[in-house]
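This briefing goes through selected packing and backbone features of the structure shown below, grouped by topic. Please read it with the sequence and the coordinates at hand.

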Amino acid sequence: LMNVKKYISITDFCRGHALEESFIYSLHEIELIEIRQVEAEPVIPRSDLRRLERLVRLHRELEISPETLLAVDHLLDQVESLQEEVLALRRRLNRWE
């Protein structure tokens, strides 16, 4: 039985988000998401769901193509990283106040 906690099937994800499976495969082709095979079924690691849902939202709301999503995703990752760094620096600074 597929480990339900670790993976979600592409079919279930697409059905739940009213999405064509081809969109998921296009994200995989440009290496934005990972697709694995579990019991001969294509699945997505649950750890990638937050990112995948963000990509779907950007695609829908802003009509961004998968290729453009690659650049946008990279920039969003950089912003998150910088935000984490600012928080860490603030915590260090607060210790000195």
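Asp73 has its place in helix α4, in what is a predicted model. With a relative accessibility of 2%, Asp73 counts as buried, because the cut-off for a buried residue is under 20%. Setting aside residues up to four places away in sequence, Asp73 touches Leu32, Arg51, Arg54 and Leu55.

**Arg54, a contact partner of Asp73**

- Arg54 lies in helix α3, and with a relative accessible area of 13% Arg54 is buried.
- Apart from its neighbours within four places in sequence, Arg54 is in contact with Asp73, Leu76, Asp77 and Glu80.
- Arg54 and Lys6 are separated by 48 residues in sequence, and their C-alpha atoms are 19 Å apart in space.

**Packing of α3 against α4**

- Two packed helices are described by the angle between their axes and by the distance between those axes.
- For α3 and α4 the angle is about 125 degrees, and the axes are 11 Å apart; the two helices are therefore oblique to each other.
- The crossing of α3 and α4 is right-handed.
- On the α3 side the residues that meet α4 are Arg50, Arg51, Arg54, Leu55, Leu58 and His59, while on the α4 side Leu69, Val72, Asp73, Leu76, Asp77 and Glu80 take part.
- Sorted by residue class, the contact of α3 with α4 holds five nonpolar residues, one polar residue and six charged residues.

**Packing of α2 against α3**

- Helix α2, which covers residues 21–29, packs against helix α3, which covers residues 49–62, at an angle of about 115 degrees and with the axes 12 Å apart.
- Helices α2 and α3 are therefore roughly perpendicular to each other, a class that takes in angles of 65 to 115 degrees.
- The crossing of α2 and α3 is right-handed.
- In this contact α2 supplies Phe23, Ile24 and Leu27, whereas α3 supplies Leu52, Leu55, Val56 and His59.
- The residues in the contact of α2 with α3 divide into six nonpolar, one polar and no charged, whereas the contact of α3 with α4 includes six charged residues.
- Leu55 and His59 of α3 are among the residues named in the contact with α2, and both are also named in the contact with α4.

- Which residues of α2 are buried? They are Phe23, Ile24, Ser26 and Leu27.
- Viewed down the axis of α2, these buried residues fall within an arc of 160 degrees, so they line one face of the helix.
- An α-helix has 3.6 residues a turn, so residues three or four places apart point the same way.
- The elements that cover the buried residues of α2 include α1 (10–16), β3 (41–45), α3 and α4 (66–96).
- On the face of α2 that is turned away from the buried side, Ser22 and Glu29 are exposed.
- Tyr25 also belongs to helix α2, and with a relative accessible area of 31% Tyr25 is classed as partly exposed.
- Not counting residues up to four places away in sequence, Tyr25 touches Ile10, Ile35 and Pro42.
- Between Tyr25 and Phe13 there are 12 places in sequence, and the C-alpha to C-alpha distance is 12 Å.

**Positive phi values**

- Glu31, which comes just after α2, takes a positive phi of about 65 degrees.
- Ala40, in the loop between β2 (36–38) and β3, has a phi near 65 degrees, a positive value in a residue other than glycine.
- At 73% relative accessibility, Ala40 counts as exposed.
- Glu63, in the loop between α3 and α4, has a positive phi of about 55 degrees although it is not a glycine.
- At 69% relative accessibility, Glu63 counts as exposed.

Notes: Residues numbered from 1 in each chain as written. Predicted model: local features only at pLDDT ≥ 70, side-chain atom pairs only at ≥ 80, totals over all residues. Heavy atoms only, no water. Axes fitted to C-alpha atoms, helices over the stretch in contact; angles between N-to-C directions. Helix = DSSP H or I, 4+ residues; strand = E, 2+ residues; numbered from the N terminus. Parallel < 35°, antiparallel > 145°, perpendicular 65-115°, else oblique. Left-handed = near helix turned anticlockwise from the far one by under 90°. Contact = heavy atoms within 4.5 Å. Nonpolar A, V, L, I, M, F, W, Y, C, P; charged D, E, K, R; others polar. Buried < 20%, exposed > 50% of the residue type's maximum accessible area, 1.4 Å probe, protein only. Arc of directions from axis to C-beta.
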